[in-house]
Amino acid sequence: MFRPRFRRCSLRRLILLGSALLIFLILVVNLTPATRRLPQYTGRYDVGVLDLEVEVEKRVIKGFGDVMLKGVGEKAFELQTLALTLYYPSTPPAPSPKSPRSPPHARPWLPQPISLIGTGYARIANIYFPPLQSLFSVGLWLFGRNIMIPGTVDAPLLSPGEISKLAVEGGRDGNGNGGGGVELREGKNGDRDGEEKGELPCVVFTHGMGRMSQSYSHYLGSVASYGVVVAAIEHRDGSGPGTIIHRSDGSERTVWHLGLKDLENDPPMTAPSLIAAQLAFREAEIKETIRLFRLLNAGHGDLLINLKPDSPRTVLPAFKDRLNISAVTVVGHSYGATGTLQALKNAPNEEMPINGAIALDPGKQSGKLNTEVGLPVLVMNSGAWTEKQTKFYELGWHFVVVKDLVKNIREGWFMTLAGSAHPSCTDVPLIIPWIMKIATWTSLNAKVALAEYVDVSVEFLNYLKNGEKKGVLKSRILSPAGPLGDSKMRKKIRGTEGAAWEIHVVPEKK
Ligand SMILES: *[C@@H]1O[C@H](CO)[C@@H](O)[C@H](O)[C@H]1NC(C)=O
């Protein structure tokens with residue numbers, strides 16, 4: 001009785017919703033400190049940041065070439081350009097005497113235009129009424145307008161000489177940039193030749209549902225600050241709030257968050273087929289990112305045109321001979337973690353020369369997980385992801401499915417960071433810590449949680465390089481069944497930042 005009537009008075013409902021949202025935003029803005037700085041990255045090197053969009057061979061995703069965007073008349077799953085944000089170790093920017101405020105310049109945390117992202121999130125919340133959508137944009141603007149990503153846009157790439165120089169001098173000091181074990185900073189065990197040429201390991205990062213590549217700037221920038229070149233893909237599969245494709249002919253297309261109602265196909269798309277299409281789209285973008293690494297390493301950086309408006313490209317030629325193409329690791333969160341595991345199918349191969357993967361909170365509703373994995377994998381669950389168990393398709397508890405998957409990998413780790421929640425690896429808890437705490441009941445400090453994720457990720461990347469196990473990777477199994485077993489069997493080990501890890505699977509001893 002009540003609901004249909006309420007639905008009919010949709011204007012009243014909108015006004016109600018709108019004013020509630022407005023009051024909420026005013027409260028939020030008043031209760032949050034005025035300047036919000038993202039913390040410095042935890043590693044030793046400075047970090048360069050670059051938004052890049054490059055042309056790729058235009059093609060549709062196999063099997064989904066006929067799916068159209070309703071009312072737009074364009075193919076929904078056509079790859080047109082590749083957009084990503086590069087985070088890379090850089091030389092410290094020289095202070096500019098002329099205008100200290102312009103270069104070295106910083107990158108706003110919110111992608112521009114903000115209204116695109118605000119409208120996108122409103123659409124995700126099923127709000128299509130423009131004034132209400134604007135409220136979302138205003139909210140984002142109030143929150144995020146002053147937030148800058150630490151790091152210098154288009155900064156020079158760290159030179160090979162500086163890698164060794166810094167190695168002698170030791171880690172970052174002062175500034176409270178502790179974080180990370182000393183061991184992480186001193187790992188110089190790779191082969192000397194490569195060190196001298198300064199070949200850097202690479203990471204391709206794939207984001208979660210409803211998120212953007214920049215939602216993870218602290219985690220990714222920190223990994224880069226240990227000497228890794230990270231490419232965070234801005235997926236165009238319709239999983240994010242919104243993104244603009246800038247074609248080389250100057251035309252643009254906005255990709256909004258996609259639901260089944262936005263798609264036209266015969267037979268109509270279903271939830272599983274949308275997931276399959278998006279995962280295939282993401283895989284194509286991962287392949288293109290690795291292709292881009294190859295182009296940069298081969299010295300074609302000066303031929304690449306950056307289609308991202310107002311984004312420079314000076315640093316690109318410097319990547320010549322600086323990327324270790326045999327050390328590309330795929331890292332993903334949530335939907336992206338599902339995609340990461342999928343990318344390992346048949347890998348390594350010519351198109352996917354990857355050496356391993358890190359999966360953060362593999363999706364619970366983003367499709368079944370690929371179990372054909374022949375490369376080292378680290379699965380890190382947040383505390384909440386492990387505690388709250390649900391049935392995963394018809395395969396049983398999610399925890400058990402993941403555990404069995406990892407157990408069957410020759411070099412696989414599965415662990416849980418106690419007291420963290422699903423968004424703990426994103427920037428969100430750094431920006432709105434108290435909302436996060438209330439909404440997710442996290443008990444672990446946001447910075448500590450992120451530093452733990454970074455440390456273990458870097459330790460895993462080092463393991464891929466030299467086979468050495470450090471930190472929690474050295475641990476034996478301490479909690480074989482997690483929340484599903486006897487609680488007395490749930491032991492924990494302290495990480496480098498003092499947080500507690502539960503270790504569920506480690507590689508078997510030979
Ligand atoms: C490149 O990566 C491979 C695989 O991780 C590693 O064995 C090799 O030592 C790396 N080379 C350099 C130059 O660091």
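Begin by selecting residues 271–297, which form helix H9. This helix has 27 residues and reaches 39 Å from its first C-alpha to its last, close to the 39 Å expected at 1.5 Å a residue. The model on display is a predicted one. Colour H9 by burial next: 19 of its 27 residues are buried, so the helix is largely enclosed by the rest of the structure.

**The end of H9**

Move to Asn 297, which is found in helix H9. Is Asn 297 buried or exposed? With a relative accessible area of 16%, Asn 297 is buried, because the cut-off for a buried residue is under 20%. To see what surrounds Asn 297, display Phe 319, Lys 320, Asp 321, Arg 322, Leu 323 and Ile 325; Asn 297 touches these residues, when those up to four places away in sequence are not counted. Then select Gly 299, which follows H9 and has a positive phi, near 90°.

**H9 against H10**

Two packed helices are described by the angle between their axes and the distance between the axes. The crossing in which H9 passes H10 is right-handed.

Which residues of H9 meet H10? On the H9 side, select Leu 274, Ile 275, Gln 278, Leu 279, Ala 280, Arg 282, Glu 283 and Ile 286. Their partners in H10 are Tyr 335, Gly 336, Thr 338, Gly 339, Gln 342 and Ala 343. The residues of this contact of H9 with H10 divide into seven nonpolar, five polar and two charged. While viewing the helices from the side, recall that an α-helix has 3.6 residues a turn, so residues three or four places apart point the same way.

**H3 against H4**

Now select residues 114–124 for helix H3 and residues 130–144 for helix H4. These helices pack at an angle of about 125°, with their axes 7 Å apart. H3 and H4 are therefore oblique to each other. H3 passes H4 in a right-handed crossing.

Show the side chains where they are present in this contact. From H3 come Ile 114, Ser 115, Ile 117, Gly 118, Thr 119, Tyr 121, Ala 122 and Arg 123. These meet Gln 133, Phe 136, Ser 137, Leu 140 and Trp 141 in H4. By class, the residues of the contact of H3 with H4 are seven nonpolar, five polar and one charged.

**H8 against H15**

The next selection is helix H8, residues 217–224, together with helix H15, residues 446–466. Their axes come within 10 Å and cross at roughly 40°. That makes H8 oblique to H15. Here too the handedness can be checked in the viewer: H8 passes H15 in a right-handed crossing.

In H8, pick His 218, Tyr 219, Ser 222 and Val 223; they meet Leu 450, Tyr 453, Val 454, Ser 457 and Leu 461 in H15. How many residues of the contact of H8 with H15 are charged? There are none, the residues dividing into six nonpolar and three polar.

**The whole chain**

Of its 510 residues, 55% are buried. Among contacts in the chain with a separation of 6 or more, 76% come from residues 24 or more positions apart.

Terms used:
Residues numbered from 1 in each chain as written. Predicted model: local features only at pLDDT ≥ 70, side-chain atom pairs only at ≥ 80, totals over all residues. Heavy atoms only, no water. Helix = DSSP H or I, 4+ residues; strand = E, 2+ residues; numbered from the N terminus. Expected span 1.5 Å × (residues − 1). Buried < 20%, exposed > 50% of the residue type's maximum accessible area, 1.4 Å probe, protein only. Axes fitted to C-alpha atoms, helices over the stretch in contact; angles between N-to-C directions. Parallel < 35°, antiparallel > 145°, perpendicular 65-115°, else oblique. Left-handed = near helix turned anticlockwise from the far one by under 90°. Contact = heavy atoms within 4.5 Å. Nonpolar A, V, L, I, M, F, W, Y, C, P; charged D, E, K, R; others polar.
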